Amino acid sequence: ADALARDYESAYEIVAVTGSVPAAERRLERALVVGGRMFAVIGSGPAMEACLVTRTGEDSWLREPLFETQIGSLVLPSAPSRFRF
């Protein structure tokens, strides 16, 4: 199933995304309890950014870049639209 196609309740202390995502994924960030953390690799190659996201309040998150890397992307049923001139 597509884990990004559903909404989550704030119930998770830790979320680890094991493939890159093209942009920050708000649904997964909202799945964290206050004080919960998520590790995710965000962006598209050749340089992606590994990030630690901490939910600091009901409507606030702290996003900390950790390092640049490149890993395979999650298999998404439909890729987000790309910027075009």
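A residue is called buried when its relative accessible area is under 20%, exposed when that figure is over 50%, and partly exposed in between. Keep that handy for these exercises on a predicted model.

**Exercise 1.** Work out whether Val-17 is buried or exposed, and list what Val-17 touches.

*Solution.* Start with the location: Val-17 sits in the loop between β1 (12-16) and α1 (26-30). Next, take its relative accessibility, 10%. The cut-off for buried is under 20%, so Val-17 counts as buried. Take Phe-39 as an example: 22 residues separate it from Val-17 in sequence, yet the C-alpha to C-alpha distance is 6.2 Å.

**Exercise 2.** Which residues make the nonpolar surface patch of about 270 Å²?

*Solution.* The patch is made by Phe-39, Leu-66 and Phe-67. Zoom in on Leu-66, which lies in strand β4 (residues 60-69). Its relative accessible area is 45%, so Leu-66 is partly exposed.

**Exercise 3.** Track down the aromatic pairs in the whole structure.

*Solution.* The search finds 1 aromatic pair. Tyr-8 and Tyr-12 form it, edge-to-face, at 6.3 Å centre to centre with 80 degrees between the planes. Tyr-12 has 39% relative accessibility, so it counts as partly exposed.

Key. Residues numbered from 1 in each chain as written. Predicted model: local features only at pLDDT ≥ 70, side-chain atom pairs only at ≥ 80, totals over all residues. Heavy atoms only, no water. Patch = residues over 30% accessible without salt bridge, like charges linked within 9 Å, V, L, I, M, F, W, Y side chains within 5 Å. Areas by Shrake-Rupley, 256 points an atom, 1.4 Å probe, with all protein chains shown as cover. Salt bridge = Lys/Arg side-chain N within 4 Å of Asp/Glu carboxyl O. Helix = DSSP H or I, 4+ residues; strand = E, 2+ residues; numbered from the N terminus. Buried < 20%, exposed > 50% of the residue type's maximum accessible area, 1.4 Å probe, protein only. Phe/Tyr/Trp six-rings, centres within 6.5 Å; stacked < 30°, edge-to-face > 60°.
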